[in-house]
Amino acid sequence: MLAYILRRLLYAIPILIGVNLLTFALFFIVNTPEDMARMQLGAKHVTPDAIERWKVEHGYDRPLLLNAKASGSAQLTDTIFFQHSAAMFVFEFGKGDDGRNIGNEIRTRMGPSLAIALPVFVIGLLVNITFALLMVFFRSTYLDLWGVVLCVVLMSISGLFYIIAGQYFISKMWNLLPISGFAGGVDGLKFIMLPVLIGVVAGIGSGARWYRTIFLEEIGKDYVRTARAKGLSEVRVLFRHILKNGMIPILTGAVVVLPLLFMGSLITESFFGIPGLGSYTIDAIQAQDFAVVRAMVFLGSFLYIVGLILTDISYSWADPRVRLQ
Amino acid sequence: MNSAWSSFDFVLLWTDALIFALVAGVLVLVFFIRRQEHLRAPWRAVAQRPMAIGAALVLSVFVVIGLLDSLHYREKMPDSPADAPHYSVDVLSVFDALVGDLRTQQEKTYSEPMAMQLYAKEFVQRDGVAVREYPRLKFGGSHLRHASEREPDITRRSLIGLAQGLAVSLLLFGLLAAWQARRAQNSFGEWFMLWGEGRLDWPGRTVAVIVMLLLMMGGLLIHLAAAYHVFGTDKVGQDVLYISLKSIRTGLVIGTLTTLVTLPLAIGLGIAAGYFRGWIDDVIQYVYTVLNSIPGVLLIAAAVLIVQVYVESNPDLFDTAARRADIRLLALCLIMGVTSWTGLARLLRGESLKLRTLDYVEAARAFGVSHSRIISRHIFPNVFHLVLIAIVLDFSGLVLAEAVLSYVGVGVDPSMHSWGNMINGSRLELAREPVVWWQLGAAFTFMFTLVLAANLFADGVRDAFDPRQGGRR
């Protein structure tokens, strides 16, 4: 087991290097520091001097890969690649355009992101499984048919609509919850409720439908027929056998996204004014703060790879038939 | 004839060219499928599902509008010399020409749906005195003399529109019945009985009802839009119905061209990885794990920023605003395509891994059939259903993604009509007092209709093509 995890970790390193090289190519070779400077300074202020000054301010005045002027190991280290891309491996992200340390920002903003994303994930999972089980229990009746149609309708509605309609009706018309904002501790509860509610509702359509197909796949199997043949009630079959076995693909599918919850949701956080990583990213994209976008790309990939490793481990934990060598 | 043609300059945007190439490709495919019984059978199964066929009819309305909106031209300036004509900088489409006044009837600012007055009070000079009142619209309801005439006029126009739609649909139905009855050598009454009891070999009742509803809605819109702004006007006074209709093309382009980009990558790399295995498999798996691990929105954002820089630093390559917006739309499709081929590729890899061990493939290899021939004759036809299901399933997700990307600021060009831009532009209108809801409402309604139709159609296609789902429902 330990050897397997170690091997998976080693396998993750080339992938992270690939991500790093790709972002380096996107941000520094296809899109040169001159281009970035020109875009940030705006058409009016572009002079060679201003571009040079901008590059010095951001530390982009070094050569890309090889510094011929320096000597010794500085030939490799005093370059954009080493200072800005390779440094990310030790989570050294540098400063954003607002002068703040990106690493610090990430640490303080993870909490609020998680405060929204985790409840949405957990409650959503429970609600979706409940609806899916109900549809499976009433399968091939009109209740099931219309349940599926309702799911298709729900998933055809834009996520933006759920947020806008939720904010408008619940906060503006009926004044039930604050429209946006965030606070720590128990005070924060009233701010969290609306985004969590909307996040759960927005996910029901696709989630419940997907879990329904998983459960239906289980229902056709032999062990279910055996369980019925020994006289178990339908409810018992559903909970003891189908739910338990159906949970394997559901849980392992959920483990992949677990680490990514730290990243938060771009749209939800920006609509509800939550100071998390999602709104940080969206602000950075809109302000064209390349350093922050680059850091978030790396962080996102890192968390995704962690998720992949956790998935493999959880497979062997949830399903004894899967043995890792 | 010659002079009429020379007063236009046909404009072929990049996305137009690709759309027509796509249409040609689909027509070739249809021609091919019609001659192969085993390919026709699942499509016939799709056509027998009421839900799928109804959705397909709704989709076809969107597609027709989108195609008409893809034939672009520029008008000649009226006073330009004949030997060296100047053309207007506005790129129009056949759709613009068809809807005519809808595009040009611009009000001053917001007005409610079907209104005859502006939405906000203004100072108006009346008999030398400044009065604060709701000014009349320039076009919406301008034929009315008094506000009390508005409701009867709307009712009259609605009824005429509905009646005309009904009449056309009944006429069509009669023609269809006559043709079908003649082909089946039934009497008219017999066919009608079969139709009424739902015993035809196609879902006749659903088709009839959907076509009738669509035609009646069309009649209603045509008659009302001739005199009113059916969905109101936006901040600069543009007709919201016109903007929503123009956005259809953007949605369709993103939904279809993106898939067009993903297909060669997903099919080529997915099958190659599964069929050849070994180091080819390792390399391809590595590439798609790397791409997959980067959060999609961020990769798209990075690439869109880069395209923006390119367009800004090469302004001479794009002579009109339409061309600039078009290249950004194309770039968006390319980027979304490059980031979203991984799922299908993984699926095709798994399937090819299974197929390559089957007896008939091994036999083909033993006979010395070349790799390219095995892949094209034995592997590809057996994974084609997966490709098709992926195309129709992805479409609706891509249409929805456009709105989110436009909100983030990395979607289509802000000057291009799209539902995402409409939603983005009307975010602050809900906070305004009194609320402006119609632009948001129109964008969501149109988007919902298209996505729902696409989802229902996709369900039908998946049920018909996926052997695992066969018979279960």
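Reader: Which helix does Met247(A) lie in?
Author: Helix 11 of chain A, which covers residues 234–257. Keep in mind that this is a predicted model.

Reader: Is Met247(A) buried, exposed or partly exposed?
Author: Met247(A) is partly exposed.

Reader: Why?
Author: Because 17 other C-beta atoms lie within 10 Å of Met247(A). A residue counts as buried at 20 or more and as exposed at 12 or fewer, so Met247(A) falls in between.

Reader: How far apart are the C-alpha atoms of Met247(A) and Trp210(A)?
Author: They are separated by 12 Å, and the two residues are 37 residues apart along the chain.

Reader: Switching to chain B. What order do the strands of the open sheet have?
Author: The order is 1-2-3, with 3 strands and antiparallel pairing. Strand 1 (8–11) and strand 3 (87–93) are the edge strands, each pairing on one side only. From one strand to the next, the twist averages 30°.

Reader: How many bridges join strand 1 to strand 2 in chain B?
Author: There are 4, and strand 2 spans residues 72–76. Strand 2 is also joined to strand 3 by 4 bridges.

Reader: Which residue is the bridge partner of Asp9(B) in strand 2?
Author: Arg74(B). For Phe8(B), the partner in strand 2 is Glu75(B).

Definitions and conventions. Residues numbered from 1 in each chain as written. Chains lettered and ligands numbered in written order. Predicted model: local features only at pLDDT ≥ 70, side-chain atom pairs only at ≥ 80, totals over all residues. Pairing = 2+ DSSP bridges. Helix = DSSP H or I, 4+ residues; strand = E, 2+ residues; numbered from the N terminus. Axes fitted to C-alpha atoms, helices over the stretch in contact; angles between N-to-C directions.
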